[in-house]
Amino acid sequence: MKKLTLPLTDEQISNLKAGDSVLLTGEMITGRDAAHKRFFELAQKGESLPVDIKGETIYYVGPAPAKEGYAVGPAGPTSSYRMDKYAPTLLDMGLKGMVGKGARNKEVIDAIVRNHAVYFAAIGGAAALIAKSIKKTEPVCYEDLGTESVRRYFVEDFPCIVAVDAEGNDVYELGAKKYRID
Amino acid sequence: MKYYTIKAQTVTDTVKRLFMDCNYFIGDDIMNALKCAKETEESETGRSVLSQLIENDELAAAEQIPLCQDTGMAVLFVEYGDKVCIDGDFEEAVQEGVRRAYIDGCLRKSVVDDPVFERLNTKDNTPAIIHTRIVSGSTIKITAGGKGFGSENMSAIKMLTPSYGIEGVKKFILDTVMTAGPNPCPPIVVGVGIGGTFERCAQLAKKATFRSIDTHNPDPRYAELEEELLTDINKMGFGPAGLGGRTTALGVNIETSPTHIAGMPVAVNICCHAARHKSAEIKGEEL
């Protein structure tokens, strides 16, 4: 199990291989469908985003409300492919890490390689457990989006797996191939 | 003729409890299947994922918090006894129960009012999808479930025609699961509807996901098909969380209906391992 601190450095990213189990500690921002659409539309118009994503790691999540006494409600990953339309643009703007679940398309994987970035998979459905590693959250922007608003998460030993490494190796392809019976 | 009464408030309270319970407490059928899979899974990563899911579901139950952040769109199957009178509006009583569960129970509000344009969140997870059947009797039976859309989006329907036969049915189901791949949070539960009309077929597939996975279709031919499909799906290699392994599905449930001489529709409703559904029966008081 590798321990990584956020923000990610180029050297850290170089040492990650698809399939590695890692624990993330540090800060990441959140964003899913609606926030990505807004980011993308601003980027297309050449306008700056409400948060500087250079060097950032983004977590595709829309948490459930926090019960009293909890830092955050259950907060597992959402399906990443819905962000595929927007991710290459954000990666080209300097985004370094993405955390979600499920396979990405070729354009995203190419953009990961081109920008020396990484895509992590968190365990879909392990939302209550994952929330234990999120210690604090604060608003960043788009509060009108409710659960889809962009927040900053302060995480400690957040468990995930390297899904696509900077060389473009894809655990979703490799894993299924290894266990497929024809 | 005897008639019976049920208070609208009882309907609301029951619906509220069902949605909170199904989001906090995973069914015994799923928990048992996860534990069995952990023993047989060949992939080390797969075993680790299954352990985390078991730990997650135990944690959610102990702390009474949702086991997944996607607490779903509310779906209910209602069998409404034809001798029952309600002291209010049944539909509104159900929607109020959903509203109270999602607001009071710290469940995520995941419904938008318009599907294409404004997409504004309704902020109380209503409206719920209510499938009502009038049956003979003096009770109201409700099966409720929160349906997450990570897996809902991977579902499909096809209007097969009779010449496709059983092989065509199998191929469409397996192709749908293959296309879904690692996305719907495997290990999945596969609900299959066969027959009826276009909309009836889709509804059967949903109903199939609301049946416990430790049960089989009462017709031995379909029970065998459930087993065969489960075996074939678990050869695909996606495994827990789609990271590779032998446990891609925990169960396949098939529901069927008579259909037209020209048709053989098949619907596949995919559900993640958080196959959440709870049932209750409200008994009417004699008037």
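Colleague: On what conventions does the model rest?

Modeller: This is a predicted model, in which local features need pLDDT of at least 70 and side-chain atom pairs count only at pLDDT 80 or more, while totals for chains, interfaces and linings use all residues. Residues are numbered from 1 along each chain as its sequence is written, chains are lettered from A and ligands numbered from 1 in the order in which they are written, and side-chain values use heavy atoms, with hydrogens and water left out.

Colleague: How many helices and strands does chain A have?

Modeller: Helices (H or I, at least four residues) and strands (E, at least two) are DSSP runs, numbered from the N terminus. Along the sequence, chain A reads β-α-β-α-β-α-β-α-β-α-β-β-α. The count for chain A is therefore 6 helices and 7 strands.

Colleague: What is the radius of gyration of chain A?

Modeller: The radius of gyration is taken over C-alpha atoms, and the globule rule is 2.2 Å times the number of residues to the power 0.38. For 182 residues that rule gives 16 Å, and the value for chain A is close to this, so chain A is as compact as a globular protein of that length. The C-alpha trace spans about 45 × 40 × 35 Å along its principal axes. The radius of gyration of chain A is 15 Å.

Colleague: What share of the 287 residues in chain B is buried?

Modeller: Buried means under 20% relative accessible area, exposed over 50%, and partly exposed in between (1.4 Å probe, protein chains only). In chain A, buried residues make up 59% of the 182 residues. In chain B the buried share is 57%.

Colleague: Is Lys170(B) buried or exposed?

Modeller: Lys170(B) is placed in helix α6 (residues 165–180) of chain B. Contact means heavy atoms within 4.5 Å, and beyond its neighbours within four places in sequence, Lys170(B) is in contact with Leu225(B), Glu228(B) and Leu229(B). Its relative accessible area is 12%, so Lys170(B) is buried.

Colleague: Which residue of chain A is in contact with Glu42(B)?

Modeller: Glu42(B) occupies the loop between α2 (28–40) and α3 (44–63) of chain B, and at 49% relative accessible area Glu42(B) is partly exposed. Leaving aside neighbours within four places in sequence, its contacts include Arg47(B) and Arg246(B). The contact in chain A is Tyr179(A).

Colleague: What distance separates the C-alpha atoms of Arg38(A) and Cys141(A)?

Modeller: Arg38(A) sits in helix α2 (residues 33–44) of chain A and is partly exposed at 28% relative accessibility. Arg38(A) and Cys141(A) are 103 residues apart along the chain, and their C-alpha atoms are separated by 11 Å.

Colleague: Which residues does the cis peptide bond of chain B join?

Modeller: In chain A, the peptide bond from Leu6(A) to Pro7(A) is cis, with omega near 0°, and Pro7(A) lies in the loop between β1 (2–5) and α1 (10–14). In chain B, a cis bond has omega of about 5°, and its Pro187(B) is in the loop between α6 and β7 (188–196). The residues joined in chain B are Pro186(B) and Pro187(B).

Colleague: What is the phi of Cys106(B)?

Modeller: Cys106(B) is found in the loop between α4 (90–104) and β4 (129–135) of chain B and counts as buried at 18% relative accessibility. Although Cys106(B) is not a glycine, its phi is positive, at about 55°.
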